[in-house]
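Subject: Structure for you to look at

Hello,

Please find the structure below. My notes on it follow, starting with one of its sheets.

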Amino acid sequence: MPSNAPLSVAQVAAFENNGYLLLPRLVSVADCAAMTAVTSAHLAQALPPVEFEAEVGYAGAPQSLDSVGGRTVRRLRDAFHRHKSYRAWATNAQLAAMLAQLLGERVCLTLAHHNCVMTKHPDFGTATGWHRDIRYWSFARNALISVWLALDHETQNNGGLRFIPGSHRLTIKPEQMDALDFLRPEVAENQALFVQGQDVQLQPGDVVLFHSGLFHAAGRNNGTAVKQSVVFAYRGHSNLPLPGSRSAASEDILL
Ligand SMILES: O=C(O)CCC(=O)C(=O)O
(Lines give C-alpha, C1' and ligand atoms only; values in the text may rest on other atoms or scores of the structure.)
Protein backbone atom coordinates (compact mmCIF):
# COMPACT_ATOMS: atom_id res chain seq x y z
CA MET A 1 0.00 0.00 0.00
CA PRO A 2 1.52 3.42 -0.90
CA SER A 3 2.77 5.41 2.10
CA ASN A 4 0.40 8.30 1.25
CA ALA A 5 -2.71 6.05 1.22
CA PRO A 6 -5.41 7.76 3.29
CA LEU A 7 -6.69 4.56 4.93
CA SER A 8 -4.56 2.15 6.96
CA VAL A 9 -4.24 -1.55 6.17
CA ALA A 10 -6.46 -2.25 9.19
CA GLN A 11 -9.17 0.14 7.96
CA VAL A 12 -9.21 -1.45 4.49
CA ALA A 13 -9.40 -4.92 6.07
CA ALA A 14 -12.24 -3.78 8.36
CA PHE A 15 -14.21 -2.48 5.36
CA GLU A 16 -13.64 -5.69 3.41
CA ASN A 17 -14.63 -7.92 6.35
CA ASN A 18 -17.49 -5.95 7.83
CA GLY A 19 -18.77 -4.14 4.75
CA TYR A 20 -18.51 -0.76 6.46
CA LEU A 21 -16.01 1.63 7.96
CA LEU A 22 -16.65 4.40 10.47
CA LEU A 23 -14.55 7.55 10.11
CA PRO A 24 -15.07 9.64 13.26
CA ARG A 25 -15.12 13.43 12.91
CA LEU A 26 -14.01 13.40 9.28
CA VAL A 27 -15.93 16.59 8.45
CA SER A 28 -15.19 19.83 10.27
CA VAL A 29 -17.62 21.56 12.60
CA ALA A 30 -17.71 24.55 10.21
CA ASP A 31 -18.52 22.43 7.15
CA CYS A 32 -21.23 20.56 9.07
CA ALA A 33 -22.67 23.88 10.30
CA ALA A 34 -22.87 25.17 6.71
CA MET A 35 -24.70 22.03 5.54
CA THR A 36 -27.00 22.08 8.57
CA ALA A 37 -27.97 25.71 7.91
CA VAL A 38 -28.86 24.98 4.28
CA THR A 39 -30.72 21.80 5.24
CA SER A 40 -32.82 23.60 7.84
CA ALA A 41 -33.65 26.46 5.45
CA HIS A 42 -34.61 24.09 2.62
CA LEU A 43 -36.66 21.90 4.98
CA ALA A 44 -38.57 24.92 6.27
CA GLN A 45 -39.73 25.65 2.68
CA ALA A 46 -39.84 21.98 1.56
CA LEU A 47 -37.75 23.30 -1.34
CA PRO A 48 -38.13 20.93 -4.34
CA PRO A 49 -37.11 18.36 -5.33
CA VAL A 50 -38.15 16.55 -2.15
CA GLU A 51 -39.61 13.18 -1.23
CA PHE A 52 -42.35 13.15 1.40
CA GLU A 53 -42.99 10.39 3.95
CA ALA A 54 -46.34 9.68 2.28
CA GLU A 55 -44.48 8.95 -0.97
CA VAL A 56 -41.98 6.56 0.64
CA GLY A 57 -44.91 4.38 1.69
CA TYR A 58 -43.14 2.53 4.52
CA ALA A 59 -45.10 0.93 7.37
CA GLY A 60 -46.64 3.59 9.58
CA ALA A 61 -46.17 6.38 7.00
CA PRO A 62 -49.03 8.85 6.47
CA GLN A 63 -51.43 7.39 3.89
CA SER A 64 -51.48 10.38 1.56
CA LEU A 65 -49.91 13.79 1.08
CA ASP A 66 -53.02 15.40 2.52
CA SER A 67 -53.26 13.26 5.64
CA VAL A 68 -51.70 14.40 8.93
CA GLY A 69 -47.90 14.41 8.51
CA GLY A 70 -48.15 13.48 4.81
CA ARG A 71 -45.93 16.38 3.77
CA THR A 72 -43.17 15.52 6.23
CA VAL A 73 -39.97 15.66 4.17
CA ARG A 74 -38.05 12.39 4.09
CA ARG A 75 -35.39 13.41 1.56
CA LEU A 76 -34.11 16.68 0.15
CA ARG A 77 -33.23 15.30 -3.27
CA ASP A 78 -30.43 16.28 -5.63
CA ALA A 79 -28.15 17.54 -2.90
CA PHE A 80 -25.36 17.88 -5.47
CA HIS A 81 -27.12 20.65 -7.40
CA ARG A 82 -28.97 22.00 -4.37
CA HIS A 83 -26.04 23.78 -2.72
CA LYS A 84 -22.27 24.21 -2.99
CA SER A 85 -21.75 23.04 0.60
CA TYR A 86 -23.03 19.56 -0.25
CA ARG A 87 -21.15 19.61 -3.57
CA ALA A 88 -17.87 20.44 -1.84
CA TRP A 89 -18.32 17.51 0.52
CA ALA A 90 -19.35 15.07 -2.23
CA THR A 91 -16.22 15.90 -4.25
CA ASN A 92 -13.82 16.22 -1.30
CA ALA A 93 -10.37 15.04 -2.39
CA GLN A 94 -9.62 13.10 0.80
CA LEU A 95 -12.93 11.26 0.55
CA ALA A 96 -12.31 10.49 -3.14
CA ALA A 97 -8.87 9.09 -2.30
CA MET A 98 -10.32 6.82 0.41
CA LEU A 99 -13.00 5.53 -1.93
CA ALA A 100 -10.43 4.95 -4.69
CA GLN A 101 -8.34 2.96 -2.23
CA LEU A 102 -11.32 0.77 -1.28
CA LEU A 103 -12.55 0.29 -4.86
CA GLY A 104 -9.07 -0.07 -6.38
CA GLU A 105 -9.56 2.56 -9.06
CA ARG A 106 -10.69 6.14 -9.60
CA VAL A 107 -14.27 6.72 -8.55
CA CYS A 108 -17.37 8.38 -9.95
CA LEU A 109 -20.04 10.05 -7.86
CA THR A 110 -23.32 8.69 -9.21
CA LEU A 111 -26.09 11.29 -9.08
CA ALA A 112 -28.78 8.69 -9.84
CA HIS A 113 -28.78 7.27 -6.30
CA HIS A 114 -28.90 8.74 -2.80
CA ASN A 115 -27.60 12.24 -3.71
CA CYS A 116 -29.78 13.59 -0.95
CA VAL A 117 -30.13 14.81 2.58
CA MET A 118 -32.04 12.13 4.45
CA THR A 119 -34.13 13.65 7.20
CA LYS A 120 -36.00 11.80 9.86
CA HIS A 121 -38.63 13.72 11.75
CA PRO A 122 -40.09 12.96 15.17
CA ASP A 123 -43.63 11.50 14.94
CA PHE A 124 -43.71 10.88 11.17
CA GLY A 125 -40.17 9.70 10.36
CA THR A 126 -40.74 6.02 9.59
CA ALA A 127 -38.48 3.00 10.07
CA THR A 128 -36.67 1.38 7.14
CA GLY A 129 -36.54 -2.44 6.97
CA TRP A 130 -33.42 -4.54 6.36
CA HIS A 131 -32.24 -4.04 2.79
CA ARG A 132 -29.24 -3.69 0.50
CA ASP A 133 -28.85 -0.41 -1.38
CA ILE A 134 -27.98 -2.37 -4.54
CA ARG A 135 -31.56 -3.74 -4.64
CA TYR A 136 -32.76 -0.94 -6.90
CA TRP A 137 -29.43 -0.04 -8.50
CA SER A 138 -28.18 -1.54 -11.78
CA PHE A 139 -24.43 -1.74 -12.32
CA ALA A 140 -22.02 -4.27 -13.80
CA ARG A 141 -20.89 -5.24 -10.28
CA ASN A 142 -22.35 -5.00 -6.79
CA ALA A 143 -19.47 -2.96 -5.42
CA LEU A 144 -20.61 0.60 -4.87
CA ILE A 145 -20.08 2.54 -1.68
CA SER A 146 -22.67 4.65 0.11
CA VAL A 147 -21.22 7.55 2.09
CA TRP A 148 -23.34 8.67 5.03
CA LEU A 149 -22.40 11.92 6.82
CA ALA A 150 -24.12 12.58 10.15
CA LEU A 151 -25.00 16.22 10.78
CA ASP A 152 -26.52 15.30 14.16
CA HIS A 153 -26.03 12.71 16.86
CA GLU A 154 -27.49 9.49 15.49
CA THR A 155 -28.62 6.85 17.96
CA GLN A 156 -31.22 4.11 18.02
CA ASN A 157 -33.55 6.57 19.74
CA ASN A 158 -33.68 8.99 16.80
CA GLY A 159 -33.71 6.42 14.01
CA GLY A 160 -29.99 5.72 13.57
CA LEU A 161 -28.64 3.02 11.29
CA ARG A 162 -28.11 -0.67 12.09
CA PHE A 163 -25.75 -2.87 10.07
CA ILE A 164 -25.31 -6.64 9.79
CA PRO A 165 -21.51 -6.95 9.63
CA GLY A 166 -20.26 -9.10 6.76
CA SER A 167 -23.69 -9.35 5.14
CA HIS A 168 -22.38 -7.84 1.88
CA ARG A 169 -20.82 -11.28 1.26
CA LEU A 170 -23.96 -13.34 1.99
CA THR A 171 -25.96 -15.20 -0.64
CA ILE A 172 -29.65 -14.69 0.07
CA LYS A 173 -32.40 -16.93 -1.27
CA PRO A 174 -35.24 -15.22 -3.15
CA GLU A 175 -37.79 -16.48 -0.60
CA GLN A 176 -36.00 -14.53 2.18
CA MET A 177 -36.95 -11.26 0.45
CA ASP A 178 -40.31 -9.55 0.08
CA ALA A 179 -41.62 -7.96 -3.11
CA LEU A 180 -39.69 -4.74 -2.42
CA ASP A 181 -36.45 -6.63 -1.62
CA PHE A 182 -36.56 -6.16 2.13
CA LEU A 183 -35.65 -9.17 4.30
CA ARG A 184 -38.96 -10.74 5.36
CA PRO A 185 -39.22 -10.42 9.19
CA GLU A 186 -41.14 -13.70 9.66
CA VAL A 187 -38.46 -15.93 8.05
CA ALA A 188 -36.35 -17.87 10.61
CA GLU A 189 -33.12 -17.51 8.58
CA ASN A 190 -33.65 -13.76 8.53
CA GLN A 191 -34.30 -13.63 12.27
CA ALA A 192 -30.88 -15.30 12.74
CA LEU A 193 -29.41 -12.41 10.74
CA PHE A 194 -31.35 -9.68 12.57
CA VAL A 195 -29.80 -10.68 15.92
CA GLN A 196 -26.37 -9.97 14.42
CA GLY A 197 -27.41 -6.34 13.73
CA GLN A 198 -25.12 -3.71 15.24
CA ASP A 199 -26.21 -0.21 16.23
CA VAL A 200 -24.29 2.56 14.47
CA GLN A 201 -23.81 5.50 16.83
CA LEU A 202 -22.70 8.66 15.04
CA GLN A 203 -21.65 12.13 16.18
CA PRO A 204 -21.94 15.23 13.98
CA GLY A 205 -19.14 15.10 11.40
CA ASP A 206 -18.79 11.31 11.56
CA VAL A 207 -18.89 9.49 8.23
CA VAL A 208 -19.70 5.87 7.62
CA LEU A 209 -18.77 4.22 4.32
CA PHE A 210 -20.79 1.10 3.51
CA HIS A 211 -20.84 -1.44 0.73
CA SER A 212 -23.90 -1.50 -1.54
CA GLY A 213 -24.47 -5.16 -0.60
CA LEU A 214 -24.50 -4.55 3.16
CA PHE A 215 -27.84 -5.20 4.86
CA HIS A 216 -28.87 -2.19 6.91
CA ALA A 217 -32.00 -0.86 8.58
CA ALA A 218 -33.04 2.12 10.70
CA GLY A 219 -35.77 2.81 13.23
CA ARG A 220 -38.30 5.58 13.79
CA ASN A 221 -37.28 8.89 15.24
CA ASN A 222 -38.47 8.76 18.85
CA GLY A 223 -36.59 11.93 19.75
CA THR A 224 -37.74 15.55 19.62
CA ALA A 225 -35.51 16.96 16.85
CA VAL A 226 -35.19 16.27 13.13
CA LYS A 227 -32.19 14.05 12.28
CA GLN A 228 -30.24 15.10 9.17
CA SER A 229 -27.71 13.01 7.20
CA VAL A 230 -26.07 13.79 3.85
CA VAL A 231 -25.81 10.67 1.67
CA PHE A 232 -24.01 10.10 -1.64
CA ALA A 233 -23.10 6.96 -3.62
CA TYR A 234 -19.91 6.18 -5.55
CA ARG A 235 -18.87 3.56 -8.09
CA GLY A 236 -15.50 2.47 -9.41
CA HIS A 237 -14.77 4.11 -12.74
CA SER A 238 -15.01 0.79 -14.61
CA ASN A 239 -18.25 -0.32 -12.88
CA LEU A 240 -20.69 1.10 -15.40
CA PRO A 241 -24.44 1.50 -14.97
CA LEU A 242 -26.47 -0.87 -17.13
CA PRO A 243 -27.68 0.91 -20.29
CA GLY A 244 -31.31 1.97 -20.14
CA SER A 245 -31.53 1.52 -16.33
CA ARG A 246 -32.39 4.23 -13.80
CA SER A 247 -28.76 4.06 -12.69
CA ALA A 248 -27.71 5.28 -16.14
CA ALA A 249 -30.28 8.08 -16.23
CA SER A 250 -28.29 10.74 -14.35
CA GLU A 251 -24.95 12.36 -14.76
CA ASP A 252 -21.83 10.86 -13.12
CA ILE A 253 -18.97 12.98 -11.77
CA LEU A 254 -15.50 11.53 -12.22
CA LEU A 255 -13.34 12.33 -9.18
O1 LIG B 1 -32.68 6.46 7.63
C2 LIG B 1 -33.21 5.42 7.27
O3 LIG B 1 -34.34 5.11 7.61
C4 LIG B 1 -32.43 4.48 6.38
C5 LIG B 1 -32.36 4.98 4.99
C6 LIG B 1 -31.76 3.97 4.06
O7 LIG B 1 -31.12 3.02 4.45
C8 LIG B 1 -31.95 4.13 2.61
O9 LIG B 1 -32.71 5.01 2.19
O10 LIG B 1 -31.34 3.34 1.85
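In what order do the four strands of the open sheet lie, and is the pairing parallel or antiparallel? The order is 6-11-8-9, and the pairing is antiparallel. In general, strands of a sheet pair through backbone hydrogen bonds, and they do this in either a parallel or an antiparallel way. The edges are strand 6 (128–131) and strand 9 (198–199), each of which pairs on one side only. Strand 6 is joined by two bridges to strand 11, which covers residues 216–218. Within this pair, Thr 128 is opposite Ala 218 of strand 11.

Please keep in mind that this is a predicted model.

Now the protein chain as a whole. Its secondary structure consists of seven helices and 13 strands. The radius of gyration is 18 Å, close to the 18 Å that the globule rule gives for 255 residues, so the chain is as compact as a globular protein of that length. The C-alpha trace spans about 55 × 45 × 35 Å along its principal axes. Of the 255 residues, 39% count as buried. Among contacts with a separation of 6 or more, 83% are between residues 24 or more positions apart.

Regards

Key
Residues numbered from 1 in each chain as written. Predicted model: local features only at pLDDT ≥ 70, side-chain atom pairs only at ≥ 80, totals over all residues. Rg over C-alpha atoms; globule rule 2.2 N^0.38 Å. Buried ≥ 20, exposed ≤ 12 C-beta atoms within 10 Å, placed from the backbone. Contact = placed C-beta atoms within 7 Å. Pairing = 2+ DSSP bridges.
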